[in-house]
Amino acid sequence: MNDLDATPPLMRVQSLSCAYGKRNVVRDISFDLWPGEVLAIVGESGSGKTTLLNAVAARHTPSAGHVSFDLRHQGLQNIYEMSEAQRRMLARTDWGFVHQNAADGLRMNVSAGANVSERLMALGQRHYGQLREQAIDWLERVEISPTRIDDRPNTFSGGMRQRLQIARNLITQPRLVFMDEPTSGLDVSVQAKLLDMMRTLTRQMNLAAIVVTHDLAVARLLAQRMLVMQNGEAVETGLTDQVLDDPQHPYTQLLVSSVLQP
Amino acid sequence: MPLNELVELAPVRDPQINFAYLDERTKRMIRRAILKAVAIPGYQVPFGSREMPLPYGWGTGGIQVTASIIGPSDVLKVIDQGSDDTVNAVNIRRFFQRTTGVVVTTDTTAASIIQTRHRIPETPLQEGQVLVYQVPVPEPMQRLEPREEETRKLHALQEYGLMHVNLFEDLAHYGHISSTYDYPVLVNGRYIMSPSPIPKFDNPKMHQNPALQLFGAGREKRIYAVPPYTNVESLGFEDHPFEVQRWQAVCELCGSNESFLDEVIMDDQGKKMFVCSDSDYCGKRQVAA
């Protein structure tokens, strides 16, 4: 028996299916996610990646299957059997959700400082000075100058907004972050910087992540493991390097060979 | 025209109109909403708001609440910004004189029902009195969360982080909490409530008040309440607690240094004076002096 069997997974997904009406968009997907592990979900548009992400992040009720999360003192619990209050509490403490479009995950009309501290205030912190100190600390960690703390995110560039969104999510020291296409829409150099930062942060905080992306380079840089989806099914799973260097399924082979080489 | 003359010109009870304008079933429906609101302090109870013979924003919510609780033996006082003789107060008072024929007064202590827009009287209220507020925006989180489905959920789950985001913004931009009216309160340790646009100067008066406080929002179709002797706490930060504004001046008519003062421009040269916003309180002090 090795160490992996001794520690429970952080999240366990079993035979998960999602349907919109009669249309099945995610079919029978199962995986385990371990603490500190980054899993990439790749596939083309319409393959069900985002629906799968929303289903495991308790944002879209699946039509079948189970999603369990390792709660801090209770072990693995089915997230859809919890009360809504408990689920929302989980979503704003132990989880983070990074949206593709930063405007969806930020409050664009309040300052960066208030955006970053919102979760702490929701948890009951009521000391302005301390909230501000923590906000400054996190702005520095995501490489945003603390002088911008009172500026609104609509004065920020796309890359800064995305980093601000990450800071806002990580301030409660979550154990799992969901990311939906975190780098698309940014130009290449900004993408590289963001990926580098995310890699550092996930290592430092032993943060697990599920990253949805159509960009294989993102998967290669961030993820230890990947899951390839086509038409709502997982056609291939495995270690990232293994899948990308030696794809077995014809669809994965097509994906890998479609990447442009500059 | 002085107020006593206005009272003499008061309209007589119009027998063609049902007592207090609304039909009996409507009043009963509104009373049920009020009972529920009293049972759950600070909770916004939906009700079937009726079209009233005056526009939204002029106090249709407060009028419907008053019309539902008023009886022939009640004594009614109506104030607008603390004053008994401004246009909103005069018209609402005349409305109830015409539809109910009840005795009206300007004396805070003599009234059994006080309908108010934007103030709580300076004279402390007593047990048995009812203070009816006219509310334009009942939802305290509306500015930051426009989806009502979501704000209802936030209330239900007591997720009130958003309210402090608002105060945090004020501190970040101005160094102090700049909201001076409609300052959010926590009622009975459970629901966050908008106290309607009263100045935050009046917020402490809501706490453990012996009178029943009812809030009606006509356009938004919500009624909520603070029962007598209920805890009402204004929000704040540990290092920036809630505080009320103070004036350098005293009232130039009655000399009060503890009432809410209005700054009145006197002429084209910009000469100004500070006077009490509560006309009944100020008048009584002048008579006593």
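User: How do you know which residue and chain a label refers to, and what confidence is required?

Analyst: Residues are numbered from 1 along each chain as its sequence is written, while chains are lettered from A and ligands numbered from 1 in the order in which they are written. The model is predicted, and local features need pLDDT of at least 70, side-chain atom pairs count only at pLDDT 80 or more, and totals for chains, interfaces and linings use all residues.

User: What makes A:Asp70 a buried residue?

Analyst: A residue is buried if 20 or more other C-beta atoms lie within 10 Å of its own, exposed if 12 or fewer, and partly exposed in between, with C-beta atoms placed from the backbone. A:Asp70 has 20 other C-beta atoms within 10 Å and is therefore buried. A:Asp70 lies in strand β4 (residues 64-71) of chain A; strands (E, at least two residues) and helices (H or I, at least four) are DSSP runs, numbered from the N terminus.

User: Which residues is A:Asp70 in contact with, leaving aside its neighbours within four places in sequence?

Analyst: Two residues are in contact if their C-beta atoms, placed from the backbone, lie within 7 Å. With those neighbours left aside, the contacts of A:Asp70 are A:Pro8, A:Pro9, A:Leu10, A:Gly75 and A:Leu76.

User: Why are the buried residues of α6(A) said to line one face of the helix?

Analyst: The buried residues of α6(A) are A:Tyr128, A:Leu131, A:Arg132, A:Ala135, A:Trp138 and A:Leu139. Seen down the helix axis, they fall within an arc of 125°, so they line one face. The arc is that of the directions from the helix axis to the C-beta atoms. On the other side of α6(A), A:Gly129, A:Glu133 and A:Glu140 are exposed. The buried residues pack against α5 and α7 (158-170) of chain A, together with α6 of chain B.

User: How do you know that the length of α6(A) agrees with its number of residues?

Analyst: The expected span of a helix is 1.5 Å times one less than its number of residues. For the 14 residues of α6(A) this gives 20 Å, and the end C-alpha atoms are 20 Å apart, so the two agree. Just after α6(A), A:Glu143 takes a positive phi of about 60°.

User: What makes the buried residues of α5(B) a single face?

Analyst: In helix α5 (residues 148-156) of chain B, the residues B:Thr151, B:Leu154 and B:His155 are buried. Their arc, seen down the axis of α5(B), is within 100°, so they line one face of the helix. The face turned away from that buried side carries the exposed residues B:Glu149 and B:Ala156. Among the elements covering the buried residues are α6 and β7 (191-193) of chain B.

User: What makes a set of residues a nonpolar core, and which members of the largest one touch the most others?

Analyst: A nonpolar core is a set of buried Ala, Val, Leu, Ile, Met, Phe, Trp, Tyr and Cys residues joined through C-beta atoms within 7 Å. The largest core has 132 residues, of which A:Ala40, A:Ile41 and A:Val211 touch the most other members. Helix α6 (residues 161-174) of chain B gives the largest share of this core, seven residues. A second, separate core of eight residues includes B:Phe201, B:Cys251, B:Leu261 and B:Cys276.

User: How many residues does each chain bring to the contact between them?

Analyst: Chain A brings 17 residues and chain B brings 15 residues. On the side of chain A that touches chain B, the largest share, six residues, comes from α5(A).
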